[in-house]
Amino acid sequence: MFFTMNNQEQTAQLNPQLAMNANPVVAFLKKDPKQFTKADIIRFIQENDIQMVNFMYPGGDGKLKTLNFVITNLEYLDTILTCGERVDGSSLFSFIQAGSSDLYVLPRYCTAFVDPFAEIPTLCMLCSFFDKDGQPLASSPENTLRKASRAFTEVTGMEFHAMGELEYYVISDDEEVFPAIDQHGYHESAPYAKTNEFRQRCMHYIAQTGGQIKYGHSEVGNFKQDGLVYEQNEIEFLPVRVEDAADQLMLAKWVIRNLAYEWGYDVTFAPKITTGKAGSGLHIHMRMMKDGRNMMLHEGKLSDDARRMIAGMMDLAQSITAFGNKNPTSYFRLVPHQEAPTNVCWGDRNRSVLVRVPLGWTSGVNMNKEANPLEADVDFDTTIKQTVEMRSPDGSADLYQLLAGLCVACRHGFEMKDALEVAEKDYVNVNIHDAANADKLAQLAQLPDSCVASADCLERQRAVYEQYGVFSPEMIDGIIEQLRAFNDLTLRHDIENDHDAIKQLVDTYFHCG
């Protein structure tokens with residue numbers, strides 16, 4: 001590589017947490033990214049022969065945009081790092097008029113990473129948008145999420161953390177060797193899973209961009225269609241500050257698509273590809289932190305604060321789809337009798353519910369010593385791992401809107417006087433699709449079945465999202481208009497048995513999000 005690698009032992013002596021960091025900028029500077037300064041960025045560029053700088057930022061379509069700078073002198077480098085640059089806001093966001101479209105983009109130094117795909121040594125940074133008055137753009141994705149996070153902390157006194165399970169299909173030419181069993185790809189190893197090496201390389205590059213990865217694996221979905229093999233994969237992240245969670249998911253999708261292009265694969269994050277096969281979700285895990293402690297548990301059980309958080313998601317579940325399920329194919333995934341949810345309810349370790357409380361490390365048993373008898377007993381705090389999981393979102397989501405919406409919903413739970421009662425009412429500990437539980441199922445609210453229905457839900461509940469100035473009215477108006485434009489109120493019913501129409505719909509939104 002073209003950058004200078006510093007002695008790992010020296011790095012460890014300065015900060016053990018940075019010693020194994022995969023991001024070359026962190027390894028070189030030996031600093032937490034949150035502590036990066038302009039001087040740090042300039043030093044890295046000068047001492048590592050960086051010749052180009054990229055500004056990157058999400059547009060209104062949820063995709064990452066790029067502005068390139070060639071570095072020819074220190075004065076110009078200092079100018080762009082200090083002042084940012086102008087961009088045409090009307091080409092990025094539908095709510096901005098061409099007559100007053102200029103926006104500023106300013107780099108956030110803490111997001112710096114070396115572009116793993118660039119032939120010319122290039123440093124990339126994510127940016128924030130500012131309006132003509134030099135204020136953070138009220139309706140920008142990143143600023144909306146930052147406002148949601150700030151309001152959550154002001155109301156609850158806690159910090160909101162999140163992470164995503166990023167599912168996607170890799171499409172390649174068929175190979176008639178070691179065939180996989182249809183829809184049985186979960187955690188499959190090579191040679192039956194053909195794209196494991198691709199996923200591992202993706203993980204390696206995502207880590208270099210700053211992504212905090214928990215693990216990766218092959219997922220359930222695999223099938224053959226039109227001479228091609230479709231293999232489902234998942235990369236799951238570690239919980240971090242919600243603002244960072246959105247950034248790392250955005251960069252992960254960028255990495256996966258770029259590497260697929262290099263390797264000659266096609267990749268899709270689409271929620272549904274064909275009927276009868278597993279769709280791809282974007283499950284979001286959440287937790288609340290205070291003074292370094294996870295507040296999701298109390299005496300080994302789910303805390304009342306966690307139940308308030310869940311109650312808020314129950315109350316706003318239908319409108320959250322406006323952020324997390326952005327095109328008509330989303331609602332071909334959210335159908336009964338699949339692992340994707342359709343009912344507004346929650347439960348423990350139950351994959352038929354909307355919000356799941358995953359298995360936690362709360363047994364008090366030292367399983368490590370049982371598996372490894374030579375290990376001594378240790379007092380390891382496993383409570384840090386407990387989260388709750390929202391299972392409705394998918395790859396069509398606007399990542400910043402979705403995480404902002406979930407942050408608002410969890411804050412809303414603390415402002416509901418009957419939050420604990422709501423949580424109790426919507427709790428289920430059975431398979432709600434079993435005929436024996438029909439009475440319980442009949443009591444539960446349903447998720448929307450179309451973009452139009454989702455827009456109607458958001459219209460009814462928009463005041464909660466606009467509270468504290470988190471979502472701007474212009475952004476909510478834009479989302480509602482975008483969803484209603486699909487005109488899909490009865491689409492799922494109209495074409496559910498028309499395979500040609502479904503394929504055409506899938507092709508239209510194949511590269512969503």
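Mentor: Let's start with a group of charged residues: Asp456, Glu459, Arg462, Glu466, Asp477 and Arg484 are linked in a network of salt bridges. Keep in mind that we're looking at a predicted model.

Trainee: Okay, how far apart are the closest N and O atoms of Arg462 and Glu466?

Mentor: They're 2.7 Å apart, and the two residues form a salt bridge. Both sit in helix α15, residues 451-466, four residues apart, which means about one helical turn separates them.

Trainee: Why does a spacing of four places matter in a helix?

Mentor: An α-helix has 3.6 residues a turn, so residues three or four places apart point the same way.

Trainee: And is Arg462 buried or exposed?

Mentor: Arg462 counts as buried, because its relative accessibility is 16% and the cut-off for buried is under 20%. Glu466, at 22%, counts as partly exposed.

Trainee: How many salt bridges does the structure hold?

Mentor: There are 26 of them. Take Asp78 and Lys38, whose closest N and O atoms are 2.9 Å apart. Asp78 is in helix α4 (residues 74-83) and Lys38 in helix α3 (residues 38-47), so this pair ties together parts 40 residues apart in sequence.

Trainee: What about accessibility for Asp78?

Mentor: Asp78 is partly exposed, with a relative accessible area of 29%. Lys38 is partly exposed too, at 26%.

Trainee: You mentioned β9. Which sense does its pairing with β7 take?

Mentor: Antiparallel: β7 and β9 (residues 228-237) pair over nine bridges. One place to look is Tyr168, whose bridge partner in β9 is Asn233.

Trainee: How many bridges does β7 make with β12?

Mentor: Eight, and that pairing with β12 (residues 282-290) is antiparallel as well. Find Ala162 and you'll see that its bridge partner in β12 is Met286.

Trainee: And β10 and β11?

Mentor: β10 covers residues 240-241 and runs antiparallel to β7, with two bridges joining them. There, His161 stands opposite Arg241. Strand β11, residues 266-268, has three bridges to β7, again in the antiparallel sense. Ile171 has Asp266 as its bridge partner in β11.

Trainee: How many of the residues in β7 are buried?

Mentor: 13 of the 15, so the strand, residues 159-173, is mostly covered.

Trainee: Switching topic: how many residues of helix α12 are buried?

Mentor: 15 of the 17, so α12 is largely enclosed by the rest of the structure.

Trainee: What span should α12 have, going by its residues?

Mentor: Its 17 residues, 399-415, should span 24 Å at 1.5 Å a residue. The end C-alpha atoms are 25 Å apart, which agrees.

Trainee: Which residue caps its N-terminal end?

Mentor: That's Asp398. A side-chain oxygen of Asp398 lies 3.2 Å from the backbone nitrogen of Tyr400.

Note on methods. Residues numbered from 1 in each chain as written. Predicted model: local features only at pLDDT ≥ 70, side-chain atom pairs only at ≥ 80, totals over all residues. Heavy atoms only, no water. Buried < 20%, exposed > 50% of the residue type's maximum accessible area, 1.4 Å probe, protein only. Pairing = 2+ DSSP bridges. Expected span 1.5 Å × (residues − 1). Polar contact = N/O pair within 3.5 Å; in protein donor to acceptor, adjacent residues only side chain to side chain. Salt bridge = Lys/Arg side-chain N within 4 Å of Asp/Glu carboxyl O.
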